[in-house]
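Okay, thanks everyone for coming. I'd like to walk you through one model today, starting with a pair of helices. Have a look at it first.

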Amino acid sequence: MISLAEAQSYEYATGPELFHLCQQAAYERDAFWGKQITYSKKVFLPLTNMCRDACGYCTFVQDPASPTANYMTPEDVLNVARQGEALQCKEALFSLGERPEEKHQKAREWLAELGYKHTLDYLHDQCDAVLTQTSLLPHINAGALSYQELKYLKPVAASMGMMLETTSTELLKKGQAHYACPDKTPKRRLDTIEQAGKLDIAFTTGLLIGIGESWADRINSLIAIRERHLTYGHIQEVIIQNFRAKAGTLMAGFQEPSLDDMKRTIAVARLILPSEISIQAPPNLEEEYASYIRAGINDLGGISPLTKDFINPERAWPQIDSVTQACQTVGCSLAERLTIYPDFLQQNTRYLSPKLWQKVSAFTKSAGVESLPTFEVISPESISEMIPRGAA
Ligand code: SF4
């Protein structure tokens, strides 16, 4: 673990200094995680693309007046989940806008047609349906939630997540990324992480890089995550995600972070966070997988053979065989993991409801694995058979 002063000194690290920083991070990664890079095979379920927030970089959110604004129906949810099941997916990622019914009449009407008043009630029941009627494990990404809301959702999700993004309050000001976003205050995001810790929820969080935050903000954000993990032990992974400038958004003209900026942030995250926290960088946002691995990541996140990345639809999911090859060029192998990480599985029903625990046990038995963790090492040959080329 590096000191605050040392972390701050790497703001402009490049050339040999960046190379050595990445080497140090990769060494830390190898010491705990070995040479195995993981990913989760998933389907993406955007339960609703309406939201009460208005992030300056978001193209996922749709105005209720737009013909593309929607709630997935229960039939849509099960249809996608079953198709994913047929392709051996194991994770159902429920990702959705935050509380649209609190801002939009149209969302309230839509929910009423579905028989609900609140999106979170609908989410709960759709997770339960997937859990009960398919083999997939739900992972919930529903934004900032209270203690009671997290407690309500825990029995129907194997893990949950919410990007902290940043601890900077500057970004709440007019013209900045998080202006008019009541759910993006650092206080609210940090409180969600803390409440998840009190409830023993295996939790994913992360930083969004290049949205106007400073280097010091990134260090502060990593330290805030570390502090909560040291108190509760529940952070299973931290995502370092690069901002992409998208046409039609407030931030369309903003500069995207460079590869060096991503590398130094990944490396510093690896060195600030406790070793047992998985460091992930999304594979569909950057072709330089090998560079990320050399900078200390041990996970590539969710990869879908079926559904596109609705958050970044312009970025195709990578072919898993090309990721496998990238891993091999840096002396690593690629392996599939579940949405909940092995350390959390090994604690029986502390992190999982009994229903979920039974289901996860079924996965391990069907994979012929006697004890957890249940990793399935994928060969390039078998992957190219499983993943339809051009799937996006
Ligand atoms: S990024 Fe999330 S919270 Fe922000 S507008 Fe988009 S859906 Fe809403």
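Let's start with helix α7 (residues 186-198) and helix α8 (residues 215-232): their axes come within 9 Å and cross at roughly 15 degrees. That makes α7 roughly parallel to α8. Before I go on, this is a predicted model, where local features need pLDDT of at least 70 and side-chain atom pairs count only at pLDDT 80 or more, while totals for chains, interfaces and linings use all residues. Residue numbers start from 1 along each chain as its sequence is written.

A few terms, quickly. Helices (H or I, at least four residues) and strands (E, at least two) are DSSP runs, numbered from the N terminus. Axes are lines fitted to C-alpha atoms, for helices over the stretch in contact, and angles run from 0 to 180 degrees between N-to-C directions. Under 35 degrees counts as roughly parallel, over 145 as roughly antiparallel, 65 to 115 as roughly perpendicular, and the rest as oblique.

Back to our pair. Who makes the contact (C-beta atoms, placed from the backbone, within 7 Å)? On α7 you have L190, I193, E194, G197 and K198, and on α8 there are A224, R228, T231 and Y232. Sort the residues of that contact and you get four nonpolar, two polar and three charged. For that sorting, Ala, Val, Leu, Ile, Met, Phe, Trp, Tyr, Cys and Pro are nonpolar, Asp, Glu, Lys and Arg are charged, and the others, Gly among them, are polar.

Now a second pair. Helix α3 (residues 74-86) and helix α5 (residues 119-133) pack at about 40 degrees, axes 10 Å apart. That makes α3 oblique to α5. Their crossing is right-handed. Here P74, V77, L78 and A81 of α3 meet Q126, A129, V130 and Q133 of α5. What classes of residue are in this contact of α3 with α5? Six nonpolar, two polar and no charged.

On to strands. Is β8 (residues 299-303) buried or exposed? Five of its five residues are buried, so β8 is largely enclosed by the rest of the structure. Buried means 20 or more other C-beta atoms within 10 Å of a residue's own, exposed means 12 or fewer, and partly exposed is in between, with C-beta atoms placed from the backbone. Strand β1 (residues 36-46) pairs with β8 in the parallel sense over three bridges; pairing takes at least two bridges found by DSSP. In that pairing, K41 stands opposite I303 in β8.

Some loop residues next. A180 sits between β4 (159-161) and α7, and D200 lies between α7 and β5 (203-209). Phi is positive at A180, near 65 degrees, in a residue other than glycine. D200 isn't glycine either, and its phi is near 55 degrees. A180 is partly exposed because it has 13 other C-beta atoms within 10 Å; D200 is partly exposed with 17.

Then there's A247, in the loop between β6 (235-242) and α9 (259-272). A247 counts as exposed, with 8 C-beta neighbours inside 10 Å. From A247 to T59 is 188 residues in sequence, but 8.5 Å in space, C-alpha to C-alpha.

Zooming out, the chain has 14 helices and 10 strands. Of its 392 residues, 48% count as buried.

Conventions
Contact = placed C-beta atoms within 7 Å. Left-handed = near helix turned anticlockwise from the far one by under 90°.
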